[in-house]
Amino acid sequence: MKSRFESFWRWWTAWNRKAISDVVLIVISCVCVFFLSAELDIFEQFHSFSESHEAWELDEIFMVLTNLAVASGLFYFKMYRRMRAEMRERLQAEQSLQELAMNDALTGLANRRHFNERLQEAVSETSRSNLSFAVLMIDLDRFKPVNDLYGHAVGDRLLQAIAERVGELIRAHDCFARLGGDEFALLARIHDQKQDDPARLATRILKALEAPFEIDDITCRIGASIGIAVSHGDETGDKLLNNADLALYSAKDAGRGAYRFFEVDMNQKIVERAKLELHLRQAIQLDEIRPYFQPFINFSTGRHEGYEILARWTHEIEGEIEPSVFIPIAEDTGLIGDLTLHMLRQACLEAADWPDKGIYLSLNVSPVQLRDPELSDKFMRVLNEVGFTPSRLEVEVTENSLIQDIDAARDVLRKLKDCGMRIALDDFGTGYSSLHHLQELPFDKLKIDKSFVLSMSDTEDSRKIVDAMISLGRSLGLETTAEGVETEEVARQLRELGCTVGQGFLFGRPTAELDTPDIDLLMRDKLAELQQAIRTYAPHIEAEEAKASKRKVSSRNS
């Protein structure tokens, strides 16, 4: 803002200097003519000459010339005013074009070109002095879902509100710019290491962007990640921008809502991430990511009642890649939707051949997908395509995914519920859900986080917590599933507490080879039921046979 005012003032001063010089020249010329006429008595000589040549009517001619001079003066003055107005309009148009070329039309902030020029100026000043500066790359979190869900008009107003809110935190001599989309940059001078600490500034910006924005009665909750690169006097502007970008990627990998300073080894990490992102896109297209299945065991019957779908990726070069590595990348790059639908389709096709059609599948959905109003339609298209009954699909959501946009999540979950699918709250006890959420949202099941289940045998507090969760689920009419069941003792305690379902290594590890093993398991279950029935009714059958034999003996004797 300050630079624009300075450039305008320089133009205005230069333009007025030219106009003033013209006026001064005219005044000096008039004064010179006046004194020359007075010195030579030109007017008196003309009067004497006109009297001696009265027949020439010189006074009338002089009057006409005087009128013409006055009229010409007025005409030229009017033309001068018009030309000056046109010049002003032209200069204002040039100034407007200059502003459009150097500033973002939507937010009024500096654009990429303007920011690069200010950055080059800062680099030059730093090389000549001991002053330093920092480049902060700011990327908004969760802006795209807001833009997709509520439209570009709300997205544009949100960007304007963000520019205004962050603009209040920066100083006049700093440069705040919108580089494009939801990416911003800040050039902050460092005059005092304590007062101008980039970390303090980044913390203030993050805190400001965490607060909700009210746009047309719509509450928008976003956030930001910030990468910081500090100039040490030997970097170019492009190098500093690249370093800040690398730090920004590191901040996003750390879980978003954070800032990171550039470190030398970040470049290699970003290269590896970019390579992994490319492999991930190819893996989804080539069906390299396969569904694995981990069983749910009903504590009452001891039978398998369902399986959780887990994504597993075996790369031909990198080998096994953990879900904790590629799932966040899929969420960041927008591939999570395609990946989820791919897992669902493959798992349903696998389950179509299972003998027991009552076994259900459980699928995790990402927090990003809970803001997709068409999620239920996408799931139904896949289920109809493969002929899988919606009632056999259970959708798992985590507690933390609900708080990002509870209204949107409520609508999505109700649509899924209306389609016949069941809803489970995953990792219960580790997030931020409230009893109000349990009552308001259409849950069918609570999944107790394994961190509580694993420590049940070691601490009485964990056992009490699990007992409270099971009791809470029972009072709300919800089933409960305990994750992380690894020992017979824990399974016994959960059964005694009234837990409905168990899941863990005790009952089976995730596996893709379900065809033969699961048929065997199902047959063993059926065989076990038959054997139990035989053990139950065999004494009665034997007693009836004994009675029948006695009756036959009695009839023969009689």
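This is a predicted model: local features need pLDDT of at least 70, side-chain atom pairs count only at pLDDT 80 or more; totals for chains, interfaces and linings use all residues.

What is the strand order of the open sheet of 5 strands? I read it off as β2-β3-β1-β6-β7, and the pairing is mixed. At the edges I found β2 (175-180) and β7 (259-261), each of which pairs on one side only. From one strand to the next, the twist averages 20°.

I checked the confidence, and the protein chain has a mean pLDDT of 81, with 79% of its residues at 70 or more. I flagged residues 515-520, where the pLDDT is below 50. Beyond near neighbours in sequence, that stretch has 4 contacts in the model.

I looked up Phe176 and found its bridge partner in β3, Leu186. Helix α4 (residues 112-128) packs on the sheet, where it touches β1 (132-141), β2 and β3. I noted that the direction of α4 makes about 25° with that of β3.

Next, a helix pair. How do α11 and α12 cross, right-handed or left-handed? The axes of α11 (residues 336-351) and α12 (residues 375-386) come within 10 Å and cross at roughly 25°. That angle is under 35 degrees, so I count α11 as roughly parallel to α12. The crossing is right-handed.

For the contact itself, I listed residues including Leu341, Leu344 and Cys348 in α11, which meet a set in α12 that includes Phe379, Val382 and Leu383. By class, I have 8 nonpolar, 1 polar and 3 charged residues in the contact of α11 with α12.

Methods: Residues are numbered from 1 along each chain as its sequence is written. Side-chain values use heavy atoms; hydrogens and water are left out. pLDDT is the predictor's confidence in each residue, from 0 to 100. Contact means heavy atoms within 4.5 Å. Two strands pair if DSSP finds at least two bridges between them. Helices (H or I, at least four residues) and strands (E, at least two) are DSSP runs, numbered from the N terminus. Axes are lines fitted to C-alpha atoms, for helices over the stretch in contact, and angles run from 0 to 180 degrees between N-to-C directions. Angles under 35 degrees count as roughly parallel, over 145 as roughly antiparallel, 65 to 115 as roughly perpendicular and the rest as oblique. A crossing is left-handed if the near helix is turned anticlockwise from the far one by less than a right angle, and right-handed if clockwise. Ala, Val, Leu, Ile, Met, Phe, Trp, Tyr, Cys and Pro count as nonpolar, Asp, Glu, Lys and Arg as charged, and the others, Gly among them, as polar.
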